[in-house]
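Subject: Structure handover, with notes on side-chain pairs

Hello,

Please find the structure below, followed by notes on what turned up in it.

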Amino acid sequence: MKKLALLCAACAAIELAAAPAAKLEPVAAGFPQWQGVSPKNHVLGREITASDLRHKVTVVVEFEPNDNLKAQILKASGFLGATGFMGLGESSGWEKLEDIPRNVILLFSNRGAKDPDGLKDALKVTKSEENMLAYVRGTMVPFYDNVTFVGGPETEGKRPYFYVMGPTGTTPLAQGKLDDAGVKAARNAIAKGKEQMAKGAKWQKFYGTVDPERFPAISKAMEKGKPLGPVATAIQKDVLSKDADKARESQIVYDALLQTRDDLLFRIILEARACPHRAYYDFQQLVKYWPSEKKKLDDVMARLKSIPDAEKLAKMFCKAMTWADPDFECRNAGEAKKIVTELKKMKTQLTKMKESNVTIVQNGAVKLDLEIDTLIETIPDRVAGKQP
(Lines give C-alpha, C1' and ligand atoms only; values in the text may rest on other atoms or scores of the structure.)
Protein backbone atom coordinates (compact mmCIF):
# COMPACT_ATOMS: atom_id res chain seq x y z
CA MET A 1 0.00 0.00 0.00
CA LYS A 2 2.83 2.41 0.79
CA LYS A 3 4.28 1.86 -2.70
CA LEU A 4 0.93 2.53 -4.30
CA ALA A 5 0.55 5.70 -2.23
CA LEU A 6 3.94 6.88 -3.42
CA LEU A 7 2.96 6.05 -7.00
CA CYS A 8 -0.23 8.08 -6.78
CA ALA A 9 1.44 10.96 -5.01
CA ALA A 10 4.19 11.07 -7.61
CA CYS A 11 1.64 11.10 -10.39
CA ALA A 12 -0.31 13.91 -8.80
CA ALA A 13 2.55 16.10 -7.69
CA ILE A 14 4.18 16.85 -11.02
CA GLU A 15 3.03 19.99 -12.83
CA LEU A 16 3.09 19.06 -16.49
CA ALA A 17 1.76 22.28 -17.92
CA ALA A 18 4.73 24.32 -16.76
CA ALA A 19 7.33 22.02 -18.34
CA PRO A 20 9.18 23.45 -21.36
CA ALA A 21 8.85 21.58 -24.66
CA ALA A 22 11.57 18.96 -24.96
CA LYS A 23 13.64 18.57 -28.12
CA LEU A 24 12.25 15.69 -30.15
CA GLU A 25 14.49 12.85 -31.24
CA PRO A 26 14.66 12.65 -35.06
CA VAL A 27 13.00 9.68 -36.76
CA ALA A 28 12.77 8.41 -40.32
CA ALA A 29 9.57 9.02 -42.26
CA GLY A 30 6.82 6.54 -41.48
CA PHE A 31 7.86 5.85 -37.88
CA PRO A 32 6.13 7.27 -34.78
CA GLN A 33 8.03 10.13 -33.18
CA TRP A 34 7.50 9.59 -29.47
CA GLN A 35 7.81 12.40 -26.98
CA GLY A 36 7.95 12.45 -23.21
CA VAL A 37 9.89 9.18 -22.90
CA SER A 38 12.65 10.69 -20.79
CA PRO A 39 14.26 9.98 -17.41
CA LYS A 40 12.64 13.05 -15.84
CA ASN A 41 9.19 11.77 -16.85
CA HIS A 42 9.73 8.28 -15.46
CA VAL A 43 7.48 7.57 -12.49
CA LEU A 44 7.52 3.84 -11.83
CA GLY A 45 8.42 0.47 -13.34
CA ARG A 46 10.75 -0.28 -16.18
CA GLU A 47 12.74 2.57 -17.71
CA ILE A 48 12.50 2.68 -21.49
CA THR A 49 13.42 4.85 -24.46
CA ALA A 50 11.41 5.92 -27.50
CA SER A 51 13.10 3.12 -29.45
CA ASP A 52 11.43 0.54 -27.20
CA LEU A 53 8.01 1.68 -28.47
CA ARG A 54 8.67 0.99 -32.16
CA HIS A 55 8.70 -2.19 -34.33
CA LYS A 56 6.35 -4.06 -32.01
CA VAL A 57 2.80 -3.91 -30.68
CA THR A 58 2.69 -0.90 -28.37
CA VAL A 59 -0.29 -0.49 -26.04
CA VAL A 60 -0.56 2.94 -24.43
CA VAL A 61 -3.11 3.65 -21.70
CA GLU A 62 -3.47 7.31 -20.77
CA PHE A 63 -4.68 7.96 -17.21
CA GLU A 64 -6.17 10.89 -15.40
CA PRO A 65 -4.69 10.91 -11.84
CA ASN A 66 -7.99 11.47 -10.04
CA ASP A 67 -9.76 9.60 -7.27
CA ASN A 68 -10.59 6.86 -9.80
CA LEU A 69 -6.95 6.09 -10.53
CA LYS A 70 -7.02 2.68 -8.86
CA ALA A 71 -9.95 1.53 -11.02
CA GLN A 72 -8.21 2.80 -14.14
CA ILE A 73 -5.06 0.81 -13.34
CA LEU A 74 -7.04 -2.33 -12.57
CA LYS A 75 -8.94 -2.01 -15.85
CA ALA A 76 -5.72 -1.70 -17.85
CA SER A 77 -3.98 -4.52 -15.96
CA GLY A 78 -5.85 -6.98 -18.19
CA PHE A 79 -3.42 -6.16 -21.00
CA LEU A 80 -0.41 -7.38 -19.02
CA GLY A 81 -0.94 -10.99 -20.08
CA ALA A 82 -0.25 -10.03 -23.70
CA THR A 83 3.30 -8.90 -22.87
CA GLY A 84 4.46 -12.46 -22.17
CA PHE A 85 6.01 -11.66 -18.79
CA MET A 86 3.55 -13.72 -16.75
CA GLY A 87 5.45 -16.62 -15.17
CA LEU A 88 8.62 -15.76 -17.10
CA GLY A 89 11.52 -18.03 -16.14
CA GLU A 90 9.37 -20.41 -14.11
CA SER A 91 9.37 -23.38 -16.51
CA SER A 92 12.89 -23.81 -17.90
CA GLY A 93 14.49 -21.34 -15.50
CA TRP A 94 16.32 -18.09 -16.23
CA GLU A 95 19.53 -19.99 -16.89
CA LYS A 96 18.18 -21.47 -20.13
CA LEU A 97 15.96 -18.60 -21.23
CA GLU A 98 17.38 -17.21 -24.48
CA ASP A 99 15.45 -13.94 -24.77
CA ILE A 100 12.75 -12.10 -22.87
CA PRO A 101 9.50 -11.37 -24.78
CA ARG A 102 9.54 -8.18 -26.87
CA ASN A 103 6.56 -8.41 -29.24
CA VAL A 104 4.17 -6.45 -27.00
CA ILE A 105 4.89 -3.56 -24.66
CA LEU A 106 2.40 -1.86 -22.35
CA LEU A 107 2.91 1.75 -21.26
CA PHE A 108 0.93 3.72 -18.67
CA SER A 109 0.96 7.45 -19.42
CA ASN A 110 -0.14 10.02 -16.84
CA ARG A 111 -1.63 13.00 -18.67
CA GLY A 112 -2.65 15.36 -15.88
CA ALA A 113 -2.04 16.53 -12.32
CA LYS A 114 -4.35 16.75 -9.29
CA ASP A 115 -4.12 17.43 -5.58
CA PRO A 116 -2.80 14.20 -3.98
CA ASP A 117 -5.35 14.60 -1.15
CA GLY A 118 -8.05 13.67 -3.67
CA LEU A 119 -6.56 10.17 -4.01
CA LYS A 120 -7.15 9.02 -0.42
CA ASP A 121 -10.30 7.06 -1.24
CA ALA A 122 -8.54 5.37 -4.15
CA LEU A 123 -6.01 3.91 -1.72
CA LYS A 124 -8.70 1.99 0.18
CA VAL A 125 -8.66 -1.24 -1.77
CA THR A 126 -9.82 -4.78 -1.04
CA LYS A 127 -7.32 -7.58 -0.62
CA SER A 128 -8.05 -9.02 -4.06
CA GLU A 129 -7.42 -5.63 -5.62
CA GLU A 130 -4.21 -5.26 -3.63
CA ASN A 131 -2.98 -8.51 -5.16
CA MET A 132 -3.64 -7.26 -8.68
CA LEU A 133 -2.00 -3.91 -7.99
CA ALA A 134 1.00 -5.75 -6.56
CA TYR A 135 1.11 -7.80 -9.76
CA VAL A 136 1.09 -4.61 -11.86
CA ARG A 137 4.07 -3.32 -9.89
CA GLY A 138 5.78 -6.70 -10.00
CA THR A 139 5.76 -6.82 -13.80
CA MET A 140 7.40 -3.38 -13.76
CA VAL A 141 5.11 -1.98 -16.45
CA PRO A 142 6.58 1.43 -17.40
CA PHE A 143 4.65 4.35 -15.92
CA TYR A 144 5.56 7.75 -17.37
CA ASP A 145 4.27 11.31 -17.29
CA ASN A 146 2.90 12.84 -20.46
CA VAL A 147 4.01 10.35 -23.11
CA THR A 148 2.46 10.60 -26.57
CA PHE A 149 3.68 10.79 -30.16
CA VAL A 150 3.55 13.49 -32.82
CA GLY A 151 0.11 13.34 -34.40
CA GLY A 152 -1.14 11.03 -31.66
CA PRO A 153 -4.75 10.89 -30.41
CA GLU A 154 -6.26 13.93 -28.70
CA THR A 155 -7.48 12.50 -25.40
CA GLU A 156 -8.37 15.55 -23.33
CA GLY A 157 -11.68 14.87 -21.59
CA LYS A 158 -11.74 11.25 -22.79
CA ARG A 159 -9.36 9.59 -20.32
CA PRO A 160 -8.78 6.87 -19.38
CA TYR A 161 -8.01 6.28 -23.05
CA PHE A 162 -6.06 3.63 -24.93
CA TYR A 163 -4.47 3.23 -28.31
CA VAL A 164 -2.66 0.27 -29.87
CA MET A 165 0.18 0.83 -32.34
CA GLY A 166 1.19 -1.92 -34.76
CA PRO A 167 4.79 -2.83 -35.68
CA THR A 168 4.72 -0.38 -38.61
CA GLY A 169 3.07 2.93 -39.41
CA THR A 170 1.96 5.93 -37.39
CA THR A 171 -1.79 5.26 -37.25
CA PRO A 172 -3.19 3.30 -34.26
CA LEU A 173 -4.71 -0.09 -35.00
CA ALA A 174 -7.39 0.79 -32.45
CA GLN A 175 -8.12 3.56 -29.97
CA GLY A 176 -10.85 4.71 -27.65
CA LYS A 177 -12.10 5.06 -24.11
CA LEU A 178 -10.98 2.37 -21.68
CA ASP A 179 -14.39 0.83 -21.12
CA ASP A 180 -15.55 -2.74 -21.76
CA ALA A 181 -15.96 -2.13 -25.49
CA GLY A 182 -12.56 -0.44 -25.60
CA VAL A 183 -10.83 -3.33 -23.83
CA LYS A 184 -12.31 -5.75 -26.37
CA ALA A 185 -11.20 -3.55 -29.29
CA ALA A 186 -7.72 -3.27 -27.79
CA ARG A 187 -7.39 -7.04 -27.42
CA ASN A 188 -8.41 -7.53 -31.05
CA ALA A 189 -5.88 -4.92 -32.16
CA ILE A 190 -3.12 -6.57 -30.12
CA ALA A 191 -3.89 -9.90 -31.80
CA LYS A 192 -3.83 -8.21 -35.22
CA GLY A 193 -0.50 -6.55 -34.50
CA LYS A 194 1.06 -9.80 -33.31
CA GLU A 195 -0.17 -11.50 -36.47
CA GLN A 196 1.50 -8.81 -38.56
CA MET A 197 4.76 -9.43 -36.72
CA ALA A 198 4.52 -13.18 -37.22
CA LYS A 199 4.15 -12.69 -40.98
CA GLY A 200 6.99 -10.18 -41.21
CA ALA A 201 10.75 -10.65 -41.14
CA LYS A 202 12.14 -12.19 -37.96
CA TRP A 203 13.50 -9.66 -35.47
CA GLN A 204 17.07 -10.21 -34.29
CA LYS A 205 19.09 -8.53 -31.60
CA PHE A 206 21.34 -5.62 -32.63
CA TYR A 207 20.02 -5.50 -36.23
CA GLY A 208 16.23 -5.80 -36.10
CA THR A 209 15.01 -6.92 -39.54
CA VAL A 210 18.02 -5.59 -41.47
CA ASP A 211 20.77 -7.77 -42.95
CA PRO A 212 23.77 -7.50 -40.58
CA GLU A 213 26.09 -7.11 -43.57
CA ARG A 214 24.49 -3.74 -44.24
CA PHE A 215 25.93 -2.38 -40.98
CA PRO A 216 29.42 -3.90 -40.53
CA ALA A 217 30.39 -1.28 -37.92
CA ILE A 218 28.37 -3.22 -35.33
CA SER A 219 30.13 -6.56 -35.75
CA LYS A 220 33.52 -4.85 -35.97
CA ALA A 221 32.93 -3.08 -32.66
CA MET A 222 31.72 -6.30 -31.01
CA GLU A 223 34.72 -8.29 -32.26
CA LYS A 224 37.02 -5.72 -30.68
CA GLY A 225 34.93 -5.56 -27.50
CA LYS A 226 34.22 -1.87 -28.02
CA PRO A 227 31.12 -0.03 -26.75
CA LEU A 228 28.15 0.14 -29.12
CA GLY A 229 26.88 3.52 -27.96
CA PRO A 230 29.05 5.51 -30.42
CA VAL A 231 28.04 3.11 -33.20
CA ALA A 232 24.35 3.70 -32.49
CA THR A 233 24.89 7.47 -32.45
CA ALA A 234 26.60 7.34 -35.84
CA ILE A 235 23.81 5.22 -37.31
CA GLN A 236 21.12 7.55 -35.98
CA LYS A 237 22.54 10.40 -38.05
CA ASP A 238 21.26 8.68 -41.17
CA VAL A 239 17.60 8.40 -40.12
CA LEU A 240 17.01 11.70 -41.92
CA SER A 241 18.91 10.70 -45.04
CA LYS A 242 17.38 11.73 -48.37
CA ASP A 243 17.80 8.09 -49.41
CA ALA A 244 14.51 6.65 -48.07
CA ASP A 245 15.82 3.07 -47.83
CA LYS A 246 18.94 4.16 -45.99
CA ALA A 247 16.87 6.24 -43.58
CA ARG A 248 14.45 3.37 -42.93
CA GLU A 249 17.20 0.81 -42.33
CA SER A 250 19.13 3.20 -40.11
CA GLN A 251 16.03 3.79 -38.00
CA ILE A 252 15.42 0.06 -37.61
CA VAL A 253 19.01 -0.74 -36.67
CA TYR A 254 19.33 2.23 -34.32
CA ASP A 255 16.16 1.17 -32.52
CA ALA A 256 17.31 -2.47 -32.51
CA LEU A 257 20.56 -1.53 -30.77
CA LEU A 258 18.73 0.41 -28.08
CA GLN A 259 16.12 -2.31 -27.67
CA THR A 260 18.86 -4.92 -27.27
CA ARG A 261 20.47 -2.78 -24.57
CA ASP A 262 17.21 -1.96 -22.78
CA ASP A 263 15.91 -5.54 -22.90
CA LEU A 264 19.17 -6.80 -21.41
CA LEU A 265 19.03 -4.16 -18.69
CA PHE A 266 15.43 -5.09 -17.88
CA ARG A 267 16.25 -8.79 -17.94
CA ILE A 268 19.01 -8.32 -15.38
CA ILE A 269 16.62 -6.53 -13.02
CA LEU A 270 14.09 -9.37 -13.34
CA GLU A 271 16.73 -12.09 -12.96
CA ALA A 272 18.20 -10.53 -9.85
CA ARG A 273 15.07 -11.55 -7.94
CA ALA A 274 15.23 -15.28 -8.61
CA CYS A 275 18.46 -16.06 -10.43
CA PRO A 276 21.25 -13.68 -9.38
CA HIS A 277 24.00 -15.78 -10.98
CA ARG A 278 22.38 -15.37 -14.42
CA ALA A 279 21.92 -11.66 -13.67
CA TYR A 280 25.65 -11.44 -12.94
CA TYR A 281 26.44 -13.14 -16.26
CA ASP A 282 24.20 -10.80 -18.25
CA PHE A 283 25.61 -7.83 -16.37
CA GLN A 284 29.04 -8.67 -17.83
CA GLN A 285 27.53 -8.59 -21.33
CA LEU A 286 25.79 -5.27 -20.68
CA VAL A 287 28.82 -3.37 -19.40
CA LYS A 288 30.97 -4.79 -22.20
CA TYR A 289 28.95 -3.09 -24.91
CA TRP A 290 27.19 -0.36 -22.91
CA PRO A 291 29.48 0.59 -20.00
CA SER A 292 27.50 3.81 -19.45
CA GLU A 293 24.58 1.70 -18.14
CA LYS A 294 26.58 0.23 -15.26
CA LYS A 295 25.46 2.78 -12.65
CA LYS A 296 21.81 1.92 -13.26
CA LEU A 297 22.48 -1.49 -11.74
CA ASP A 298 24.59 -0.49 -8.75
CA ASP A 299 21.80 -1.43 -6.31
CA VAL A 300 21.17 -4.76 -8.07
CA MET A 301 24.83 -5.74 -7.98
CA ALA A 302 25.18 -4.62 -4.36
CA ARG A 303 22.28 -6.87 -3.34
CA LEU A 304 23.80 -9.79 -5.22
CA LYS A 305 27.13 -9.37 -3.43
CA SER A 306 25.33 -9.26 -0.07
CA ILE A 307 23.92 -12.79 -0.58
CA PRO A 308 26.26 -15.45 0.86
CA ASP A 309 28.02 -17.41 -1.92
CA ALA A 310 25.95 -15.73 -4.66
CA GLU A 311 28.91 -13.98 -6.28
CA LYS A 312 31.06 -17.09 -6.07
CA LEU A 313 28.31 -19.12 -7.73
CA ALA A 314 27.87 -16.42 -10.36
CA LYS A 315 31.54 -16.46 -11.35
CA MET A 316 31.44 -20.24 -11.79
CA PHE A 317 28.26 -19.91 -13.81
CA CYS A 318 29.95 -17.38 -16.13
CA LYS A 319 32.77 -19.81 -16.88
CA ALA A 320 30.34 -22.67 -17.45
CA MET A 321 28.31 -20.51 -19.86
CA THR A 322 31.46 -19.79 -21.88
CA TRP A 323 32.38 -23.45 -22.12
CA ALA A 324 28.81 -24.52 -22.86
CA ASP A 325 28.62 -22.22 -25.89
CA PRO A 326 28.16 -24.43 -28.99
CA ASP A 327 30.90 -22.45 -30.77
CA PHE A 328 33.47 -22.94 -28.00
CA GLU A 329 36.49 -25.10 -28.81
CA CYS A 330 39.60 -25.89 -26.79
CA ARG A 331 42.85 -24.96 -28.54
CA ASN A 332 44.35 -28.36 -27.76
CA ALA A 333 43.97 -31.44 -25.56
CA GLY A 334 46.00 -29.78 -22.82
CA GLU A 335 43.53 -26.92 -22.49
CA ALA A 336 40.63 -29.39 -22.45
CA LYS A 337 42.27 -31.29 -19.59
CA LYS A 338 42.85 -28.07 -17.66
CA ILE A 339 39.19 -27.07 -18.04
CA VAL A 340 37.97 -30.47 -16.85
CA THR A 341 40.21 -30.17 -13.77
CA GLU A 342 38.69 -26.77 -12.99
CA LEU A 343 35.18 -28.13 -13.50
CA LYS A 344 35.82 -30.89 -10.97
CA LYS A 345 37.00 -28.29 -8.44
CA MET A 346 33.77 -26.39 -9.06
CA LYS A 347 31.76 -29.52 -8.23
CA THR A 348 33.51 -29.71 -4.88
CA GLN A 349 32.59 -26.10 -4.10
CA LEU A 350 29.01 -26.66 -5.25
CA THR A 351 28.55 -29.53 -2.80
CA LYS A 352 28.39 -27.06 0.07
CA MET A 353 26.31 -24.54 -1.89
CA LYS A 354 23.66 -27.18 -2.59
CA GLU A 355 23.00 -27.21 1.15
CA SER A 356 22.75 -23.42 1.40
CA ASN A 357 19.98 -21.88 3.49
CA VAL A 358 19.47 -19.33 0.70
CA THR A 359 17.00 -20.91 -1.72
CA ILE A 360 18.15 -19.08 -4.84
CA VAL A 361 21.76 -20.12 -4.18
CA GLN A 362 20.75 -23.70 -3.42
CA ASN A 363 18.65 -24.00 -6.58
CA GLY A 364 21.33 -22.38 -8.70
CA ALA A 365 24.01 -24.71 -7.35
CA VAL A 366 21.91 -27.81 -8.09
CA LYS A 367 21.33 -26.74 -11.70
CA LEU A 368 24.94 -25.72 -12.26
CA ASP A 369 26.16 -29.02 -10.84
CA LEU A 370 24.17 -30.89 -13.51
CA GLU A 371 25.52 -28.61 -16.24
CA ILE A 372 29.06 -29.25 -15.06
CA ASP A 373 28.53 -33.00 -15.26
CA THR A 374 27.67 -32.58 -18.93
CA LEU A 375 30.68 -30.35 -19.56
CA ILE A 376 33.08 -32.78 -17.90
CA GLU A 377 31.85 -35.43 -20.31
CA THR A 378 31.86 -33.31 -23.49
CA ILE A 379 34.81 -30.91 -23.15
CA PRO A 380 37.50 -33.54 -23.98
CA ASP A 381 35.90 -33.98 -27.42
CA ARG A 382 35.63 -30.25 -28.14
CA VAL A 383 39.20 -29.72 -29.31
CA ALA A 384 40.06 -27.78 -32.45
CA GLY A 385 40.62 -30.14 -35.37
CA LYS A 386 39.33 -33.20 -33.52
CA GLN A 387 36.76 -35.23 -35.44
CA PRO A 388 33.45 -35.82 -33.64
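Phe149 is buried, at a relative accessible area of 3% (buried is under 20% relative accessible area, exposed is over 50%, and partly exposed is in between, with a 1.4 Å probe and protein chains only). Tyr163 also counts as buried, with 0% relative accessibility. This is a predicted model, in which local features need pLDDT of at least 70 and side-chain atom pairs count only at pLDDT 80 or more, while totals for chains, interfaces and linings use all residues. Residues are numbered from 1 along each chain as its sequence is written, and side-chain values use heavy atoms, with hydrogens and water left out.

Aromatic pairs

The count is 11 aromatic pairs, where rings of Phe, Tyr and Trp (its six-membered ring) pair if their centres lie within 6.5 Å, and planes under 30 degrees apart are stacked, over 60 edge-to-face and the rest tilted. Helices (H or I, at least four residues) and strands (E, at least two) are DSSP runs, numbered from the N terminus.

Tyr289 and Trp290 form another aromatic pair, edge-to-face, at 6.2 Å centre to centre and 75° between the planes. Tyr289 and Trp290 are both buried.

One charge over a ring also came up. The charged end of Arg102 sits over the ring of Trp203, 4.2 Å from its centre (the criterion is NZ of Lys or CZ of Arg within 6 Å of the ring centre and within 35 degrees of the ring normal).

Salt bridges

There are 27 salt bridges, each being a side-chain nitrogen of Lys or Arg within 4 Å of a carboxyl oxygen of Asp or Glu. Between Glu62 and Arg159, the closest N and O atoms of the salt bridge are 3.7 Å apart. That pair links distant parts of the chain, with Glu62 in strand β3 (residues 57-63) and Arg159 in the loop between β6 and β7, 97 residues apart. Both Glu62 and Arg159 are buried.

The salt bridge of Asp373 with Lys347 has its closest N and O atoms 2.8 Å apart. Here too distant parts of the chain are linked: Asp373 is in helix α12 (residues 359-378) and Lys347 in helix α11 (residues 333-353), 26 residues apart. Asp373 is partly exposed, with a relative accessible area of 34%, and Lys347 is partly exposed at 23%. Through shared partners, salt bridges join Glu62, Glu64, Arg111, Glu156 and Arg159 into one network.

Lys296 and Glu293 form a salt bridge as well, the closest N and O atoms being 2.9 Å apart. Lys296 is partly exposed, with a relative accessible area of 47%, whereas Glu293 is buried at 5% relative accessibility.

Ser51

Ser51 lies in the loop between β2 (42-44) and β3. Ser51 is buried, with a relative accessible area of 1%. Leaving aside residues up to four places away in sequence, Ser51 touches Tyr254, Asp255, Leu258 and Gln259 (contact means heavy atoms within 4.5 Å).

Regards
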